[in-house]
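The following note reviews the model shown below.

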Amino acid sequence: MAAKKRSIEPLLWVLFSAGGVLAALLIPVLLLLFGVVFPLGWLTPPTHEHLLAVIGHPITRVVLFLLCMLSLFHFAHRFRYTLYDGLQIKHLNELINTVCYGGAIAGSVVAGYLLWQI
Amino acid sequence: MNQTDKPIYTEFHPRWYRPRMSTYWWLKRPSYLAFIGREVSSVFVAWSIVYLLLLIGAVHRGADDYRSFLDWTGGIGVVLLNVVSFCFIVLHAVTWFNLAPQAMVLRYKGKRVPETWIAGANYGAWAFVSLIVALIVLLG
C-alpha cells in the first residue's frame with residue numbers, strides 16, 4: 001500500500017483563515033486613510049519622515065509582513081474557490097492553483113524584501 | 001451466467017443524476033449575489049496589499065517618490081478603485097466577524113458563550129485596532 005499522503009488543504013485553510021482575520025482588522029482603516037482620506041484631502045497625509053520612522057519600527061515591519069503574506073494567501077484560497085464554484089472553471093484547476101498560490105508566494109517574497117530593506 | 005430470473009447488474013455505474021448548473025447561477029437571487037460578492041472581496045484584499053506595497057516602496061525610495069505616490073493616488077481613477085475596494089473590504093470584514101461565533105465555540109463554566117458576545121468582541125477588536133492604527137499614522 002502506498003504511503004499515506006498528507007493533504008496540504010488544512011494548512012491552506014489555516015492561512016486563509018488567519019489572513020481573513022488580519023485583513024478584516026487592518027485593511028479597512030489603512031485603505032480608508034491612504035486610499036480615500038489623504039487622496040481627497042480630507043486630512044493632511046503624514047510626512048515622509050514620520051512614515052519612514054513608523055514603517056522602520058521592527059514591530060510594524062513584522063505586522064505588515066504578516067498582513068501582506070497572510071492576506072495574499074487568503075486571497076489565493078478564496079479566489080480559487082470563487083472560480084471553482086462561481087464560474088465552474090474546473091478544467092483549468094491546476095493552472096488556477098499555480099497562479100493563485102504562486103502569486104501569493106511571489107507577493108510575500110516582495111513584501112519580505114521591501115520590509116527587510118527599509 | 002445468463003440467469004433470466006435474476007436482475008442483470010452492470011459492472012459500471014449508471015450515469016449520475018447531475019443537472020447542469022448555469023454559469024450565472026449566482027445572478028438568480030439576491031442572497032446568491034451577496035455570497036459571490038463576499039467571495040469576490042478577496043480580489044480587493046489582494047489589490048489593497050499591492051497598493052500597500054507600492055506605498056511602502058515609495059516611502060523606502062525617498063521623499064520625492066513618496067510625494068509622487070501621493071500625487072498618483074489623488075487621480076480620479078485610483079480614488080474610485082479604492083472607494084470600491086473599501087466597500088468590498090468592509091463587506092469582507094462584516095461577514096467575517098458575523099461568522100466568527102460559528103467558527104469559535106467558547107464555553108465558560110459548561111455554558112456556551114453567547115454568539116453576540118463573540119461577535120461583539122470581534123467588532124470591539126476591529127474598532128480598537130483601527131483607532132490605534134489611525135493614531136500611529138496621524139500623530140507624528
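1. A:Arg78 is in contact (heavy atoms within 4.5 Å) with A:Phe16 and, in chain B, with B:Arg38, B:Glu39, B:Ser41, B:Ser42, B:His92 and B:Trp96, when residues up to four places away in sequence are not counted. The residue lies in helix H3 of chain A; helices are DSSP runs of H or I with at least four residues, strands are runs of E with at least two, and both are numbered from the N terminus. A:Arg78 is buried, at a relative accessible area of 6%, where buried means under 20%, exposed over 50% and partly exposed in between (1.4 Å probe, protein chains only).

2. On conventions: this is a predicted model, in which local features need pLDDT of at least 70 and side-chain atom pairs count only at pLDDT 80 or more, whereas totals for chains, interfaces and linings use all residues. Residues are numbered from 1 along each chain as its sequence is written, chains are lettered from A and ligands numbered from 1 in the order in which they are written, and side-chain values use heavy atoms, with hydrogens and water left out.

3. Which residues form the salt bridge with A:Arg78 as one partner? The side chain of A:Arg78 meets that of B:Glu39, with an N to O distance of 3.6 Å; the rule asks for a side-chain nitrogen of Lys or Arg within 4 Å of a carboxyl oxygen of Asp or Glu. Across the interface of chain A and chain B, one salt bridge is found by this rule. B:Glu39 is buried as well, with a relative accessible area of 9%.

4. Within chain B, B:Glu39 also forms a salt bridge with B:Arg38, and here the closest N and O atoms are 2.9 Å apart. Elsewhere in this chain, B:Arg112 pairs with B:Glu115 in a salt bridge at 3.6 Å between the closest N and O atoms. B:Arg112 is partly exposed at 39% relative accessible area, and B:Glu115 is partly exposed at 38%. Shared partners join A:Arg78, B:Arg38 and B:Glu39 into one network of salt bridges.

5. A further salt bridge links the side chains of B:Arg67 and B:Asp64 (3.3 Å, N to O). These two residues both lie in helix H2 (residues 63-73) of chain B, three residues apart, which is about one turn of the helix. B:Arg67 is partly exposed, with a relative accessible area of 48%, while B:Asp64 is exposed at 55%. Over all chains, a search of the whole structure finds six salt bridges.

6. As to the interface as a whole, 51 residues from chain A and 51 residues from chain B take part in the contact. The buried area is about 4,500 Å², and carbon and sulfur atoms give 79% of it; this quantity is the accessible area (1.4 Å probe) that two parts lose on being put together, summed over both. A:Leu31, A:His48 and A:Arg78 supply 15% of the area that chain A buries against chain B, more than any other three residues.

7. Polar contacts across the interface of chain A and chain B comprise 10 residue pairs, both residues being at pLDDT 80 or more. Such a contact is a pair of N or O atoms within 3.5 Å; within protein, one must be able to donate a hydrogen and the other to accept it, and residues adjacent in sequence count only if both atoms are side-chain atoms. On the side of chain A that touches chain B, helices H1 (9-37), H2 (48-56), H3 (58-86) and H4 (93-117) of chain A each supply at least two residues. The largest share, 18 residues, comes from H1(A).

8. A:Arg80 is likewise found in helix H3 of chain A and counts as buried at 11% relative accessibility. Its side chain makes a polar contact with the side chain of A:Asn97 at 3.2 Å.

9. Chain B has four helices and two strands, in the order α-α-α-β-β-α along the sequence. Its C-alpha atoms fill a box of roughly 90 × 50 × 30 Å along the principal axes. Of the 140 residues of chain B, 32% count as buried.
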